[in-house]
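Dear colleague,

Please find the structure below, together with its sequence.

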Amino acid sequence: MTEQDDQNPVPGSGDAALRAAAERAESTRGRNLPQFDDMPIPGDTANLRQGPNLDDACLALLPLVGVWRGQGEVVYPTIEPRKFGQQVTFAHDGRAFLYYEARAWLLDDDGNVIRPAAREVGWWRPRADDTVEVLLTHATGVMEIFYGSPRTQTSWEFQTDAVVRTESAKDVQAAKRLYGLVNNGDLAYVEERAMVGQELQPHTSALLHRIVG
């Protein structure tokens, strides 16, 4: 997703992305998150064909539900550009929010895994006015509250309203994220960050393929 694509969307491109995602899901429809059969309450599902029904409040986020895996790049003035692999999970338990988890690993130039990297978990909470609250906690000691909304039926944009850091965490001031399904049904995102004395600017981007749901 380039800036030009975002400013000049292709007519019907959202429908095309949804169709492509549905077609790609034919090969992943039988997969889901591991389940504990002895849980006394519904477990999380990342597959809309299994488990509890998606709450109506989450319908604007429906295309995100699943597990996505792919590669991206991290760039910033204070670090060397690096490539990374990542798995992102959007799941639900039938209530009016999505569970979110992202795990990353650094890659060398040949695509080999170097070591585990960033981790974050959180909740996406749609509201009655079509806004979405996103609460994220990072393993690095940073907690963020984003507010945003769907831009189209297949894209969502968020910006931080508050950032809280532990004493040992990096200086993070603000962040902005844009997620969207591209025309082949994959999930792409870009993130901007203001941290360690730098202004808000591109930080990470990735293209992820559906592997569950």
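The term pLDDT stands for the predictor's confidence in each residue, on a scale from 0 to 100. It is needed here, as the model is predicted. The chain has a mean pLDDT of 91, and 92% of its residues reach 70 or more. In residues 1–12, however, the pLDDT is below 50, and this stretch has 7 contacts in the model beyond near neighbours in sequence.

The next topic is the largest pocket. Its volume is about 780 Å³. Of the 31 residues in its lining, Val74, Ala118, Thr140, His203 and Thr204 are the closest to the centre. Sorted by class, the lining of this pocket holds 17 nonpolar, 9 charged and 5 polar residues. At least two lining residues come from each of the strands β2 (79–91), β3 (98–107), β4 (113–126), β8 (172–181), β9 (187–195) and β10 (201–212).

I would also draw your attention to Asp186, which is placed in the loop between β8 and β9. Is Asp186 buried or exposed? Its relative accessibility is 1%, and buried means under 20%, so Asp186 counts as buried. The side chain of Asp186 makes a polar contact of 3.0 Å with the side chain of Asn184. Another polar contact, also of 3.0 Å, joins the side chains of Asp186 and His209. When neighbours within four places in sequence are left aside, the residues in contact with Asp186 are Arg24, Trp68, Gly180, Leu181, Leu207, Leu208 and His209.

Yours sincerely

How values were computed: Residues numbered from 1 in each chain as written. Predicted model: local features only at pLDDT ≥ 70, side-chain atom pairs only at ≥ 80, totals over all residues. Heavy atoms only, no water. Contact = heavy atoms within 4.5 Å. 1 Å grid on protein atoms, 1.4 Å probe; cavity = no way out; pocket = protein on both sides within 12 Å on 5 of 7 lines; lining within 4 Å. Points joined across faces, edges and corners; volume = space filled by probe spheres on them. Helix = DSSP H or I, 4+ residues; strand = E, 2+ residues; numbered from the N terminus. Nonpolar A, V, L, I, M, F, W, Y, C, P; charged D, E, K, R; others polar. Buried < 20%, exposed > 50% of the residue type's maximum accessible area, 1.4 Å probe, protein only. Polar contact = N/O pair within 3.5 Å; in protein donor to acceptor, adjacent residues only side chain to side chain.
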